[in-house]
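Keep the structure open as you read.

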Amino acid sequence: MLVEPPGATTAPRRRRGSGGRLRALDGLRLVAALMVAAYHYGGRDGEVGEAWGSSPKVQFPTLHEFFAYGCLGVQVFFVISGFVICMSGWGRPLKSFFASRASRLLPAYWVAVAIVTAVFALPVVAYQAVSPSDALVNLTMLQMPLGVDRVLGVCWTLWAEVRFYALFALCVVLPGAGRRRVIMFCAGWMLAAVIADNANMPLLDIVLMPEYAPYFIGGVGLYLVHLDRRDAYAWGIVAVSWLIGQHYAVRSLWHAAGADGFSYRSSTGIVLVVTFGFLAVAAIALGWLRWANWGWLTVAGALTYPFYLVHEHLGWVVIHALHRGLGLPSGATFALTAASMLLLAWLLNQYVEKPLTPRLRAVLAKNH
């Protein structure tokens, strides 16, 4: 995945041994996805409670408090994304960057939308499918700004990713990536995002994403660290991103302890999980996890995106069938549901992503 940097044609000096695929990053992706799955299956109320037949509090009297922190897997994903997008966009022309991102996201996404729509339309499934018109709009990935019902509950994070890609493409890839430009991009975006947070202007919030920007920016800063661990500006970007990122995470996810809340996330626990995300990517950037070079980690990374797409809504259906239909205990249902979603993810990777991604990339990157 490593590409030639900077400023357009000259590759930066990498530390010896830093080249090659970062397989530990693939493993971290799957860890983040499983965190989110734990949250969706046992860390919140809502539709999943209907699948279990009662609140996950009842199903997992102790574990539900830990599962509730799983939603922070999204923040970990965003840090990883900042690192990966800077790595993949550096030294690459805009058309190639667009082709790479679109071909990576769309094939599995389109099929996941089709599968979930079809399953929810079955008479035996208790959950209501979106309208045919809304399902078609979902294929564009623009359902969030259009206010259309979502087929995939997790697609709100893809909307954040798409906006990050657009900002990075316009500000870094289009003019040509280089260390100075990336630093200015990070500093400018962070300052603008903080200002936008108090400007009470919805358009600025949509474009600048104050609540998510620190994680993407932190990941970009960590890629600069990967290129040069002595880069003080890069470390400054990472430090400020972590400081502001933990603030947004605590502000949005902490609530006072009370009987009405599903579970209590302490502010310390939230900060620790956010810190884990930054430290884990930092360890990879510095080469400390180079020893984690097992081939199965590449497979884990490949399964992460399709697993993330299908695990929530289809997981409800599987939980209902296993727990309420077959009477399996909660722990076995949880494990089998996650395993079945990983199996479906493997099928999507083998029969959708592998054949379609390179073809779509070739079509989009073709010069006319």
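Asn-200 counts as exposed, because its relative accessibility is 71% and the cut-off for exposed is over 50%. You'll find Asn-200 in the loop between H10 and helix H11 (202–208). Keep in mind that this is a predicted model. Now for the backbone: most residues other than glycine have a negative phi. Asn-200 is not a glycine, yet its phi is positive, at about 55°.

Met-209 also has a positive phi without being a glycine, with a value near 50°. This residue lies in the loop between H11 and H12. Is Met-209 buried or exposed? At 1% relative accessibility, Met-209 counts as buried.

H13 runs over residues 232–253, which makes 22 residues.

Buried residues in H13 include Ala-234, Ile-237, Val-238, Ile-244 and Tyr-248. What do the buried residues of H13 pack against? Their partners are helix H5 (73–89), helix H10 (179–197), helix H12 (213–227) and helix H14 (267–285).

## H1 alongside H15

Two packed helices are described by the angle between their axes and the distance between the axes. For helix H1 (residues 23–42) and helix H15 (residues 295–325), the angle is about 10° and the axes are 6 Å apart. That makes H1 roughly parallel to H15, since angles under 35 degrees count that way.

Among the residues that meet here are Leu-30, Ala-33 and Tyr-41 in H1, and Phe-307, Tyr-308 and Ile-319 in H15. Sort the residues of this contact by type and you get 12 nonpolar, 8 polar and 4 charged.

Thr-333 is part of helix H16 (residues 330–365). With a relative accessible area of 0%, Thr-333 is buried. Leaving out residues up to four places away in sequence, Thr-333 touches Trp-52, Ile-319, Leu-322, His-323 and Leu-328.

Glu-65 sits in helix H4 (residues 63–67). Its relative accessible area is 42%, so Glu-65 is partly exposed. Glu-65 and Gly-42 are 23 residues apart along the chain, and their C-alpha atoms are separated by 8.8 Å.

Definitions and conventions. Residues are numbered from 1 along each chain as its sequence is written. This is a predicted model: local features need pLDDT of at least 70, side-chain atom pairs count only at pLDDT 80 or more; totals for chains, interfaces and linings use all residues. Side-chain values use heavy atoms; hydrogens and water are left out. Helices (H or I, at least four residues) and strands (E, at least two) are DSSP runs, numbered from the N terminus. The expected span of a helix is 1.5 Å times one less than its number of residues. Buried means under 20% relative accessible area, exposed over 50%, partly exposed in between (1.4 Å probe, protein chains only). Contact means heavy atoms within 4.5 Å. Axes are lines fitted to C-alpha atoms, for helices over the stretch in contact, and angles run from 0 to 180 degrees between N-to-C directions. Angles under 35 degrees count as roughly parallel, over 145 as roughly antiparallel, 65 to 115 as roughly perpendicular and the rest as oblique. Ala, Val, Leu, Ile, Met, Phe, Trp, Tyr, Cys and Pro count as nonpolar, Asp, Glu, Lys and Arg as charged, and the others, Gly among them, as polar.
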